[in-house]
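Hello,

Here is the structure I promised to pass on to you. Please open it beside this email and follow along as you read.

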Amino acid sequence: METIKKLLLTILSGIFLLLSSCSNKDTSEKTGQNPFIKGVYGNPATLIEAGYRFDELGMNAIFVRSISLDQELYDAAMEQQQRVYVEFPTLLGRNYVEDHTEAWPINEKGEQAQPADWFMGVCPTAPGFIEFRKNQLRDILNNFDVDGIFLDYVHWHAQFETADPILPETCFCDRCISLFADEKQLELPDADIPETAEWILENADSEWRDWRSHILNGWVSSMKMIVREMQPDALVGIFYCSWYPDDHDSALYRTLGIDVEAFIEIADVLSPMLFHKMKERSPEWVGEYTDWLGGLIEASDDNKPLVWPIVQSHDSPVEVTPDEFRRVMLEGSKPPSSGIMMFSDQSLLENPEKIEVMRQLYVEEISND
Ligand SMILES: [Zn+2]
């Protein structure tokens with residue numbers, strides 16, 4: 001009899017634990033509430049280590065780099081009613097290309113492209129790399145019940161987080177050239193890479209740009225498919241370069257391969273990286289871009305993604321003062337924005353005045369709905 005009682009108790013407490021572990025995320029989703037998202041991007045565990053609590057700072061979401069996500073942070077986030085969004089470094093991969101040279105982006109001269117400052121991209125058609133990233137995404141989704149996956153570095157090899165961008169022509173590896181020719185049914189000259197690249201850029205430039213953009217969209221779609229299969233309620237967001245289409249001779253589309261209208265059709269959330277200081281823009285530009293993006297989404301027939309800008313608090317290349325940080329947070333929170341976060345936790349800890357600015361905004365000023 002005693003044994004049966006113990007068994008029943010064990011089963012009941014198991015059910016209770018299961019129910020309570022599900023309850024955190026379900027409350028607002030089941031009641032249909034969509035609070036304004038108030039987040040911190042980076043490795044938010046550093047805030048906890050410094051003695052802060054997410055809930056006391058008025059936050060309701062963390063945006064954590066995949067490499068910084070662990071059980072301890074996840075449990076703390078759950079305990080403090082935070083939504084957990086995981087940043088996924090889609091096409092970033094210096095270590096990968098060093099170990100797998102077949103995935104190294106090739107420039108128009110047929111040479112391995114140099115790192116673009118700190119960024120080293122990967123050839124997005126390398127089959128081994130595609131599998132590698134898909135498996136990484138599956139691992140995250142197997143280990144953690146998340147509110148969303150945010151794809152980062154969804155662009156061809158280049159550097160845009162600066163006023164003076166690095167914009168190489170890639171990728172002219174044999175695989176990319178052959179996939180491009182097949183897809184566009186083009187008869188390419190029987191020549192070496194430099195000559196073939198020259199021919200493509202002179203004779204099939206628009207087909208080339210279009211193909212490159214489709215390759216990126218294919219990445220987003222296949223990552224989204226994995227998320228939908230494994231965690232249907234999780235959102236798929238994209239962090240992307242916030243140049244206007246005409247900036248830098250249309251490099252957003254021509255070099256990075258980004259077609260914002262195509263992203264609008266696929267993503268659940270768009271998070272333009274509105275790093276005003278790095279791009280030598282005014283704080284007002286943050287609000288202007290957000291408004292412009294809203295217009296583009298409004299004009300879209302089908303999908304209407306949410307807009308959650310990421311703004312700059314990081315002192316680069318010069319200081320972002322606490323007051324300026326406050327201004328870009330407010331600009332990025334204007335409609336149609338329904339969420340805001342900053343780059344990054346580290347910059348807040350380096351200047352606790354910025355933590356106070358964020359707390360005041362999140363607790364007192366930015367509305368919850
Ligand atoms: Zn390639």
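Two notes before you start. This is a predicted model, in which local features need pLDDT of at least 70 and side-chain atom pairs count only at pLDDT 80 or more, while totals for chains, interfaces and linings use all residues. Residues are numbered from 1 along each chain as its sequence is written.

**Domains**

The protein chain is assigned domain 1 (38-89 + 268-369) and domain 2 (91-143 + 157-232); such bounds come from an automatic or database domain assignment. Taken over C-alpha atoms, the centres of domain 1 and domain 2 are 29 Å apart. Where they meet, eight residues of domain 1 are in contact with six residues of domain 2 (contact means that the C-beta atoms, placed from the backbone, lie within 7 Å). On the domain 1 side, the touching residues are five nonpolar, one polar and two charged. In this scheme Ala, Val, Leu, Ile, Met, Phe, Trp, Tyr, Cys and Pro count as nonpolar, Asp, Glu, Lys and Arg as charged, and the others, Gly among them, as polar.

**Two buried strands**

Helices (H or I, at least four residues) and strands (E, at least two) are DSSP runs, numbered from the N terminus. A residue is buried if 20 or more other C-beta atoms lie within 10 Å of its own, exposed if 12 or fewer, and partly exposed in between, with C-beta atoms placed from the backbone.

Take strand S1 (residues 37-42): six of its six residues are buried, so S1 is largely enclosed by the rest of the structure. Ile37, Gly39 and Tyr41 cover one side, and Lys38, Val40 and Gly42 the other. S1 pairs in the parallel sense with strand S9 (residues 339-343) over three bridges (strands pair if DSSP finds at least two bridges between them), and Lys38 is opposite Ile340 there. S1 also pairs with strand S2 (residues 61-65), again parallel, over four bridges; Gly42 has Val64 as its bridge partner.

Now look at strand S5 (residues 235-241). Seven of its seven residues are buried, so S5 too is largely enclosed by the rest of the structure. Strand S4 (residues 148-152) runs parallel to S5 and is joined to it by four bridges, with Leu151 opposite Ile238. S5 and strand S6 (residues 269-274) are parallel as well, over five bridges, and Cys241 faces Met273.

**A helix pair**

Helix H6 (residues 174-184) and helix H8 (residues 205-230) have axes that come within 10 Å and cross at roughly 105 degrees. Axes are lines fitted to C-alpha atoms, for helices over the stretch in contact, and angles run from 0 to 180 degrees between N-to-C directions. H6 and H8 are therefore roughly perpendicular (65 to 115 degrees; under 35 is roughly parallel, over 145 roughly antiparallel and the rest oblique). Phe180, Glu183 and Lys184 of H6 meet Glu207, Trp208 and Trp211 of H8.

Is Met59 buried or exposed? Met59 is buried, with 26 C-beta neighbours inside 10 Å. You will find Met59 in the loop between helix H2 (45-49) and S2, and its contacts beyond four places in sequence include Lys38, Gly39 and Val40.

Gln159 lies in the loop between S4 and H6 and is partly exposed, with 18 other C-beta atoms within 10 Å. Its C-alpha atom is 9.8 Å from that of Cys241, 82 residues away along the chain.

Happy exploring!

Conventions. Contact = placed C-beta atoms within 7 Å.
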